[in-house]
Amino acid sequence: MRLRTITIALACCLGASLHAAAADVKSISRLAAGPGNVLFLADWKAARVHAISLPSAQQQPAGTAFNILDLESLLSAQVGGAKVTVEDMVVRPGTAQVYVAVSYGAAKTPALITVTSDKKARRVDLKAAASTSVALRDAPTSDYSFWKETPERSFTVTDMKWREGELFVAGLSNQDFASTLRRVKYPFDAKQSITSVEIYHAGHNLIETRAPIRAMSFASWGGKSYLVAAYTCTPLVTIPLDDLRDGAHIRGKTVAELGYGNTPADMVSYSRTEQGKTEDFLLLANFDRVSNVIPVSQLEATGPRPGMDKQVPFGQLAGVEVMQAPLAGTLRLDNLDEKSFVVVRRRLEKDALQLVSIGKELSFRLTDHVSEYAFAEYSFKGDNFQLKNIKPRQDMLLKDEGFPDLIKASE
């Protein structure tokens, strides 16, 4: 009895639930795929992160295609027909299962729904799901709401990523320097560190200590590992992981200014192999601007240079050279497999919420567009450039997007 009492007391001190129990989830702001069958849910209302144990799932080879063009109806049917708001989406690695977090109703009730490529959805019973959880230290307690609408506390977790035994959690704390990066060990224990992070925002010409990271991922160069973070309006910052220590206050190195009037939506790391050469990239999806493809080699090139410390006028981009990807309307993004991304997007032309896969080579869906190639009279016949460079890519896209019958003959 004495040992049990001590164990419970320690759990209270650590803020961690040490034993699996039904998840008491009050909100979901972000998701992250964890090790094995674990899925992490950030619960800003409770200022906790829950680790949900999912049932085992069969591994799937790369090549699954998602073509769900009316995601709203599929999700709404899982919550009694209510209007839903997508909060986050994540892929369960290797399984081709997509988990979508939504809120619905006046109380913004949270729900977690798994969706598969055969257009089937199933709500996860969070009250029955085995879970452990951890309280986030120094979580915000303010009652302030941005623009009289959005609670400051809803920024407790703004992004969350799993890496090598730790969960990296970006968001706000209750400290004066509120922008915070937490490192949380899993299985949960007392080893939760908090680092406050400031940046120089070149567009604002301002040292910022409150505005939180909105999207982040990881990259390595020169034998070191870095967290790469994007902020609202859109400075891009690198931070050596070794600098993220409990109690430290650090300044991230601003390496790019990617455009004002924008909020980053998501960021993932991925690799692409062309002609036998593999190159690492980050893909930054934005709510208000075109997506950015960031070569890790460009970030590495900033290593010897100091961070940006001069104002960049509104309308100008500066720093690392990035490429653009045609992913307008993307709300959430993740790696589906080595071949494709999967995105939750609002297809602007159709005003439709969709869950679709998009190839990593072009980041593009052929059936979004009606171009010269789409006309019935168009033929590839006799045009060697088109036959070599365009037709193979179009054939692959038509197959992936569910239109193999529209593949045109070479001759």
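Which residues are linked in a network of salt bridges? Select Arg 30, Asp 88, Asp 159, Lys 161, Asp 266 and Arg 332, and you have that network on screen. A salt bridge here is a side-chain nitrogen of Lys or Arg within 4 Å of a carboxyl oxygen of Asp or Glu.

Some ground rules before you click on. This is a predicted model, with residues numbered from 1 along each chain as its sequence is written. Local features need pLDDT of at least 70 and side-chain atom pairs count only at pLDDT 80 or more, while totals for chains, interfaces and linings use all residues, and side-chain values use heavy atoms, with hydrogens and water left out.

The structure holds 21 salt bridges. Glu 198 sits in strand 16 (residues 192–201) and Arg 251 in strand 21 (residues 249–251), so the pair ties together parts 53 residues apart in sequence. (Strands are DSSP runs of E, at least two residues, and helices are runs of H or I, at least four, both numbered from the N terminus.) Glu 198 counts as buried, at 11% relative accessibility; buried means under 20% relative accessible area, exposed over 50% and partly exposed in between, with a 1.4 Å probe and protein chains only.

Now pick Arg 163 and Glu 164, whose side chains meet in a salt bridge at 3.4 Å, N to O. Glu 164 is exposed at 68% relative accessibility, whereas Arg 163 is buried at 18%.

**The pockets**

On a 1 Å grid over the protein atoms alone, a pocket is an open set of points with protein on both sides within 12 Å along at least five of seven lines, a cavity is a set where a 1.4 Å probe fits but cannot get out, and lining residues have an atom within 4 Å of a point. Grid points are joined across faces, edges and corners, and a volume is the space filled by probe spheres set on the points.

Colour by domain (bounds come from an automatic or database domain assignment). Domain 1 (22–134) and domain 2 (136–325) both give residues to the lining of the largest pocket, so this pocket lies between them. Strand 6 gives the largest share of the lining, four residues.

For the second largest pocket, about 670 Å³, centre on Phe 146, Phe 155, Ala 211, Pro 212 and Arg 214, the closest to its centre of the 25 lining residues.

**The cavities**

Last stop: two cavities of 30 Å³ or more. The largest, about 90 Å³, has 14 lining residues, with Ser 357, Ile 358, Gly 359, Leu 397 and Asp 400 nearest its centre. Strand 30 (352–359) and helix 4 (384–400) are the elements that give two or more residues to that lining.

Finish with the second largest cavity, about 40 Å³. Select Pro 326, Leu 327, Ala 328, Thr 330, Arg 345, Ile 358, Arg 365 and Asp 368 to see its lining.
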